[in-house]
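Have a look at it first, then read on.

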Amino acid sequence: MKSAWLVGAAVFALSSAVVVAQDAPVDLLPPGFDDPAPAPTPTPAPRPTAQAPQAAQPGQPATPQASATQSGEIVQPLPTQPMPSTADLDLSNLPSLEELEAMSTDDLDDLLGLKPTYDIPPAARRSTERVGLLGSAEGGLPSGSLARQPAALVRAVLEGTTQPMVSRWGHILLRRALASRLQAPEGMSAVEFATLRTRVLNTMGEAVVARALVQDVDTGNYSPALANEAVTAYIATGDIVGACPSVRLVDTGREDTIWEMLSGICNAYAGEETRAQNDLRRLLGRTEDDRIDVLLAQRFAGSAGRGRRAVTIEWDGTSGLTPWRYSLANALGEPIPEDLLEDAGPDLLRTSPFFPALSPIQRAPGADLAASGGILSASAMVDLYSQIFAEESAEGEAAVRASRLREAYVGSNPEARLEAIRDIWAGDEATAYGRMVLTAYAAARMPVDSAYSGDAAGLIASMLAAGLDRDAMRWASALDAGSLGWGLLAVADPDRANAVTDGELDQFSDNDDSAGQRKSQMLLAGLAGLGRVESSEIAEYSQRLSVNLAAQTRWTQLITRAAEVDNRALVAMLAGLGMQGSSWDRMTPRHLYHIVSALRRVGLEAEARMIAAEAVARA
């Protein structure tokens, strides 16, 4: 488990004390600006009149005088500084005519100092004081949440988050924190802060949000690191041309094949089709392995020119799918061989719902993974499968699932609707929870009846996957104490005031058939974090279930301290640090307890309840 938990003590050795969140707005105006001195009474300006030029004084040269010939005319004053002498110019390093002819446009721009460093007019440039997408009035966290936090601490937390979240609700919480319009921590530049957040979003599979975040920073302010993260986000979303400002304006020092291909594509879309195709042709001649990458780049660059040069895409011998190949092939509408798609990793498939060139039925396999991880909402899933159902020619598993989803909503009776919901749930472990997200609203339409008690836990878990806790609570009176459905509601109930008794915990643990009683461990941790179980029961059942919720680590100390000072943003980021991994097997009850407890203490109890319920359902 130590290797799963993140960065360890060495990473956090850089951090210092956590300080109170900066919730109140900071007055940015200079002293006295709010109460300026009264302005003097204006007096009418005299109208200009033509005057004779003044005579030069003896011994002084005559100075040209600008005169207005029409009201409102602006006359540019003549320069007063002497022009540089040609004797001061260094002409020793001028290129020859042959060298000039061989130079590319970029080389000429560099030589003549014409290469732009900023692509936005001064009046339209934006401040980097607060970078993000969500203001506090839009659901984001307070902008000053991290302004007074040590830069070393925030840097260590974000650099240590290198994997996706095991929890759907943990993912949603961390995405909200990273997308908030925040000030950079004290001692960290705004560009570095944006870079760290973008890197985590890319790691989580949130390329769309990462792209929006980098677009909130003017390209002229990019660092090489931010440019690299921006390009990663653009490629992952299939927006290849969107990466061109970063490629053409930011000097990253990169000379790898991906960067050369991007340069060629961007040159083509800047109107230099011939040069772009020549550069890509030379690159293809130097490439021995994986020529498919350059062929895709040639096809994409050719789309910018009038000639529409034909490029034959040959997948034979391709070693596998990479983000570049997957993105360009989907953007071009180039079919990817089935054997390559079958071997594609989840990090590629979960980006497929965001490619406009893919049909709805092609997006469905990746949508199940994206919903399970928190990237897609239940509403977005229903929209996708509604489009699949509307396609008359749609075939395959996704088309059948779309038909069953409609039956789950409008079936002639509850039994038929429940049967359709069960059919949708059928699938492998990787997509099972995503299917529960898909059926959340259909499950909420099911009537509460003891006849369906055998499926109550699944229906409740499905509703809670979309945050429908009030709908799920309708089942409270129809459940037996100690059942799985009862355990889910014990942590998800938004109004519960009484503590869970030891008898109820006994019944739940006796009915728990999960490996190592993982569900009982997660239930105990969730209840303890929410303050819904007495301390005596915590001690008793911790010993019985072989868990230790009280053990301290550097991470537990930090998240506890962040909760004590009521810093939501820092708690959310530390929670994400503690929830990364490939599956719920990587989550320990101790981490769950501290995450749920810290979230509850900073006012994020709804997120705490949903994370605890998800842990019980998926453990």
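1. Start with helix α12, residues 292-302. In this predicted model, α12 is mostly covered, with ten of its eleven residues buried. The buried set runs Ile292, Asp293, Val294, Leu295, Leu296, Ala297, Gln298, Phe300, Ala301 and Gly302. Note that Asp293 and Gln298 are on that list too.

2. What does the covering of α12? Among the elements over its buried residues are α10 (257-269), α11 (273-286) and α13 (323-332).

3. Now the voids. Searching the whole structure turns up two cavities of 30 Å³ or more.

4. Around the largest cavity you'll find Leu505, Phe508, Ser509, Ser520, Leu523, Leu524, Tyr541 and Leu545. Two helices, α25 (502-511) and α26 (518-530), are the elements that each give two or more residues to this lining. By type, the lining splits into six nonpolar and two polar residues, with no charged ones.

5. The second largest cavity is lined by Trp169, Tyr433, Ala461, Leu464, Ala465, Met610, Ala613, Glu614 and Ala617. Here the elements contributing two or more residues are α22 (456-465) and α31 (605-618). Of the elements involved, α31 gives the most, at four residues.

6. Which residue types make up that second lining? Eight are nonpolar, none polar and one charged. Glu614 is the one to click on, as it sits among the lining residues and Glu counts as charged.

Note on methods:
Residues are numbered from 1 along each chain as its sequence is written. This is a predicted model: local features need pLDDT of at least 70, side-chain atom pairs count only at pLDDT 80 or more; totals for chains, interfaces and linings use all residues. Side-chain values use heavy atoms; hydrogens and water are left out. Buried means under 20% relative accessible area, exposed over 50%, partly exposed in between (1.4 Å probe, protein chains only). Contact means heavy atoms within 4.5 Å. On a 1 Å grid over the protein atoms alone, a cavity is a set of points where a 1.4 Å probe fits but cannot get out, and a pocket is an open set with protein on both sides within 12 Å along at least five of seven lines; lining residues have an atom within 4 Å of a point. Grid points are joined across faces, edges and corners, and a volume is the space filled by probe spheres set on the points.
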